[in-house]
Amino acid sequence: LGGDEFAILLESLTHPEEAALVAQKVVKALSHPIVLHGKEITVTCSVGISLFPDHGKTCDLLLSNADLAMYAAKHGGKNRALMFSEDMNLAMKDWAHFECDLALAVQRGELVVHFQPRVEMGNRHIKSVEALVRWQHPQEGLILPERFIPLAEEAGLIGCIGEWVLGEACRQIKELDRSGQQLGVSVNVSPLQLCDAGFADRVASILHEAQFPASRLEIELTEQVLIRRDPVTLASLERLKAMGVHLAIDDFGTGYSSLGYLRHFPIDTVKIDQSFIRDLVADPTAAAIVNAVVALGQQLNLRIVAEGVEGVDQERYLIDQGCLDAQGHLFCAALPVAELSEMLRRIKATKPGAGHSSKASALH
Ligand code: C2E
Ligand code: MG
Ligand code: MG
């Protein structure tokens, strides 16, 4: 039906369950890894089922209801099959409503950026901050990005939202310069933003407008971006690098983790995903992966950052391995800029002349 959409027509069914059984077989068959040019690739698949005549008497209605059920299967966690039901129509209306709200959120000033400090473990100096977007929804309260970034990507809104975040992050962190803190800032960027040929130019004009030096900006990408090896993306990354912007790989270890791309892309920083840090002390496999990434970083001269550090035992382990930089609730959660500024002021007051350095207690 489309680039990655297929329809299966089943005739002479005696029971609706037979359709569900076929769908499950399809999902199972597709879940086996496929070897492509020597690499193992796993695909996910979502199936929507509609039945004649219960769910539609015309071809168009049957197809559109199967489509709706497929979207419901996708949003419910992928790799599964769902039968159409009337309440999906309602859910879809809610979804469409949410999408409209999101389109207006930037104009209405409902998006906010919070900042999470990245610290040097041991002495706990704040080295930079990561910008994390939130949506202050008038009815639903504060919505975290994992609920609306995928929607923004699907609805074609990510370019506009991503650039707004980038601009706000540079502007707000630049404001802190006045209090004597020259922090760096990391901004998360969606793969869809990077495959837009004008992206690097727009970053340049955002930096110019905010009077923010490129060397204090880091762009966080996911492994998927690098795996795709899209020439436009590669050109964007090289352009950013030439401007002096730093590049980081986020959530390292959760994607395909092909180490080859570390050679082909101008990466400065690798952020070890928080799932490995969480299991660090209890799971020897997670610990082995962390050790290997830290050693690799040292060899390749990359900065390694541990994400989601919550306990002192994790901090101690990481320091012993030679991993020095981290983010996590042990040090500080993401804060609005006013609270960040206040925290920096307190730190400066307790440790005069220390710039943006601090002791652990001052960070909480
Ligand atoms: P990320 O870039 O890996 O950000 C780290 C996430 O972990 C943040 O969640 C942060 O609040 C959370 N976190 C930090 N320390 C700890 C800890 O010690 N324990 C636990 N359990 N969590 C911790 P958040 O803010 O909900 O962001 C989730 C994801 O949304 C981010 O993951 C990032 O991929 C994406 N995101 C956030 N802002 C943007 C944005 O402006 N653009 C794009 N494209 N994606 C964004
Ligand atoms: Mg990040
Ligand atoms: Mg991450």
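**Ligand, metal and strand contacts in a predicted model**

Me: Which strand pairs with β8, in what sense, and over how many bridges?
Reply: In this predicted model, β8 and strand β9 (residues 217–221) pair in the parallel sense over four bridges. Strands are DSSP E runs of at least two residues, helices are H or I runs of at least four, and both are numbered from the N terminus. Two strands pair if DSSP finds at least two bridges between them. Within this pairing, Val185 stands opposite Leu217 in β9.

Me: Before going on, what are the conventions?
Reply: Residues are numbered from 1 along each chain as its sequence is written, and chains are lettered from A and ligands numbered from 1 in the order in which they are written. As this is a predicted model, local features need pLDDT of at least 70, side-chain atom pairs count only at pLDDT 80 or more, and totals for chains, interfaces and linings use all residues, while side-chain values use heavy atoms, with hydrogens and water left out.

Me: How does β6 run relative to β8, parallel or antiparallel?
Reply: β6 and β8 run parallel and are joined by four bridges. Ala131 stands opposite Val187 in β8.

Me: And how many residues of β8 are buried?
Reply: Four of the five residues in β8 (residues 184–188) are buried. Buried means under 20% relative accessible area, exposed over 50%, and partly exposed in between, with a 1.4 Å probe and protein chains only.

Me: Turning to ligand 1, which residues come nearest?
Reply: Arg134, Asp250, Gln274, Glu310 and His329 come nearest among the 21 residues around ligand 1. A residue is near a molecule if one of its heavy atoms lies within 4 Å of it.

Me: Which side chains have polar atoms by ligand 1?
Reply: Gln116 has a polar side-chain atom 3.0 Å from a nitrogen atom of ligand 1. For Asn188, a polar side-chain atom lies 2.9 Å from an oxygen atom of the ligand, and an N or O atom in the side chain of Gln274 is 2.8 Å from an oxygen atom of ligand 1. A polar contact here is a pair of N or O atoms within 3.5 Å.

Me: How much of ligand 1 does the protein cover?
Reply: The protein covers 84% of the 810 Å² of accessible area that ligand 1 has on its own. Accessible areas come from the Shrake-Rupley method with a 1.4 Å probe.

Me: Which element gives the largest share of that shell?
Reply: β6 does, with four residues.

Me: What are the protein donors of the magnesium ion (ligand 3)?
Reply: They are Asp250 (OD), Asp251 (OD), Glu307 (OE) and Glu307 (OE), lying 1.9 to 2.5 Å from the ion. Donors are N, O and S atoms within 2.8 Å of the metal (3.2 Å for Na, K and Ca); water is not among the atoms, so sites may look incomplete. The donor residues are spaced D-D-x55-E in sequence. Asp251 is in strand β10 and Glu307 in the loop between β12 (303–306) and α13 (312–321), 56 residues apart.

Me: Are those two buried or exposed?
Reply: Asp251 is partly exposed, at 26% relative accessible area, whereas Glu307 counts as buried at 8%.

Me: What does Asp250 bridge?
Reply: Asp250 bridges the magnesium ion (ligand 3) and the magnesium ion (ligand 2), which lie 4.2 Å apart.

Me: Where is the cis peptide bond?
Reply: The cis bond joins Phe52 and Pro53, with omega about 5°. Pro53 lies in the loop between β3 (47–49) and α2 (59–75).

Key:
Polar contact = N/O pair within 3.5 Å; in protein donor to acceptor, adjacent residues only side chain to side chain.
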